[in-house]
Amino acid sequence: MTSVVATNQTILVVGGGIAGMTAALEAAETGKQVVLVEKNPYLGGRTVQLYRYFPKMCRPSWGLEINLRRLKANPRIQVLTMAEVTGVSGDKGNYSVDVKLSPRYVNENCTACGECGKAATSEVVDEFNYKLGKVKAAYLSSDMAYPQRYLIDPSVIGTPEADAIKGACKYGAVDLDMKEESVTLNAGAIVWATGWQPYDAAKGTFGTASIVYQHAGYNDYYPSFSPDGKWLLFDESTEDAYDNATAQLKVIAADGSGVVKATVQNVSSYVDTSVVTLVPMANATTPAVYSGSSSSLYGWRCGSTTDGTTVGSKYLPGSCRG
Ligand SMILES: Cc1cc2nc3c(=O)[nH]c(=O)nc-3n(C[C@H](O)[C@H](O)[C@H](O)COP(=O)(O)OP(=O)(O)OC[C@H]3O[C@@H](n4cnc5c(N)ncnc54)[C@H](O)[C@@H]3O)c2cc1C
Ligand code: SF4
């Protein structure tokens, strides 16, 4: 049974993304007792799922690591993961909050050694990576997952595979008898930081390869493939993109190999409707070969007649190199 101390002096933060973590930390550091409730198996929300962060193209771990250090050092914050708020009643100063706790099947003894993952034979959808791949049925959501504790997928519970997973753990951390629980928490105030849902690109024309941007500058940092090679992402700026409020993030659809065929529009009657081919480059001379994972690129070759581009360079994107 999960034990959480919460009274009407407690601040409950719902959502363990960057907003919820920050709210929880700020409240706890002023002396308040805080319960942080997150439905995922890990904290960090969408931020931890990203590869690079605009505008400085930092890795999310660089910023999160500081918050996690503050959080681990603060005894006033109780963190509940795999915990979803399902109902709120009461009023200012005295709320009752219903929380559903899903079983992780792994307790606090876990050292994240990974032996249970080796013993697992089946695979499940990788929710952390936007369902783009599969993971073993005993897994850690990501290298920087907090808490650093493995998770066993419910689909294997009750099978010989679950017994093998348990047998592989020499720390007594696998608990196959864990059950879903419901708890009701008391709180004096609630911070609702449950984030947002991204637009489903399949629903509309978002990302159609039909736009070429006029030559705007040279600071098109880190064009990157999406993990499935179907998108290219880059930032475009008239000057240094660092701290430049006019910098913009662009996403263009590719054909799976990374090559983009784009139609010029709204630039000039001389070139509108012309097709430009953008070939992602590994360096100044070698086209990049999509290798099955998200990776930074040198830039694009989009002014080359070899690729079928006839539009003058002054109409090409700032990201074109060659
Ligand atoms: C593809 C993509 C690229 C992005 N790129 C950038 C970028 O380059 N630069 C930039 O500044 N921003 C970027 N963003 C935006 C940025 O990631 C988000 O604005 C930020 O993560 C929002 O943080 P948040 O804490 O508000 O929400 P989230 O990160 O969405 O966190 C909300 C959390 O609440 C939890 N939750 C929801 N409902 C409940 C419930 N009932 N009970 C318990 N928990 C619940 C969710 O599981 C989640 O973990 C990007 C976003 C996406 C999707
Ligand atoms: S559950 Fe056990 S075997 Fe699996 S990572 Fe944790 S400590 Fe290692």
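This is a guided tour of a predicted model, stop by stop, for use with the structure open in a viewer.

Residues are numbered from 1 along each chain as its sequence is written, while chains are lettered from A and ligands numbered from 1 in the order in which they are written. Because the model is predicted, local features need pLDDT of at least 70 and side-chain atom pairs count only at pLDDT 80 or more, whereas totals for chains, interfaces and linings use all residues.

**The whole chain**

Begin by selecting the protein chain, which has five helices and 17 strands; helices (H or I, at least four residues) and strands (E, at least two) are DSSP runs, numbered from the N terminus. Of its 322 residues, 32% count as buried, where a buried residue has 20 or more other C-beta atoms within 10 Å of its own, an exposed one has 12 or fewer, and a partly exposed one falls in between, with C-beta atoms placed from the backbone. Among contacts between residues at least 6 apart in sequence, 60% join residues at least 24 apart, a contact being two residues whose C-beta atoms, placed from the backbone, lie within 7 Å.

Next, colour the chain by pLDDT, the predictor's confidence in each residue, from 0 to 100. The mean is 81, and 70% of the residues reach 70 or more. Now select residues 205–220, where the pLDDT is below 50, although this stretch has 51 contacts in the model beyond near neighbours in sequence. Where pLDDT is low, the predicted coordinates should not be read in detail.

**Helix α1**

Select residues 18–29, which form helix α1; its twelve residues should span 16 Å at 1.5 Å a residue, and its end C-alpha atoms are 16 Å apart, which agrees. The expected span is 1.5 Å times one less than the number of residues. Buried residues of α1 include Ile18, Met21, Leu25 and Ala28, and what covers the buried residues of this helix includes β1 (11–14), β2 (34–37) and α3 (60–72). After α1 comes Gly31, whose phi is positive, near 110°.

**Helix α3**

Move on to α3, whose 13 residues reach 18 Å from the first C-alpha to the last, close to the 18 Å expected at 1.5 Å a residue. Which residues of α3 are buried? They are Pro60, Leu64 and Leu71, and they cover an arc of only 10° around the axis, which puts them on the same side of α3; the arc is that of the directions from the helix axis to the C-beta atoms. On the other side of α3, Trp62, Ile66 and Arg69 are exposed.

**Three loops**

In the loop between β5 (94–101) and α4 (115–119), select Ala112, which has a positive phi of about 60° although it is not a glycine. With 15 other C-beta atoms within 10 Å, Ala112 is partly exposed.

Lys131, in the loop between β6 (123–125) and β7 (134–136), also has a positive phi, near 65°, in a residue other than glycine. Is Lys131 buried or exposed? Lys131 is exposed, because 9 other C-beta atoms lie within 10 Å.

Then find Pro147 in the loop between β8 (138–139) and β9 (151–152); a cis peptide bond, with omega about 0°, joins Tyr146 and Pro147.

**Ligand 2**

Finish at ligand 2, which 14 residues surround, the closest being Cys110, Cys113, Cys116, Cys169 and Ala173; a residue is near a molecule if its C-beta atom, placed from the backbone, lies within 6 Å of it.
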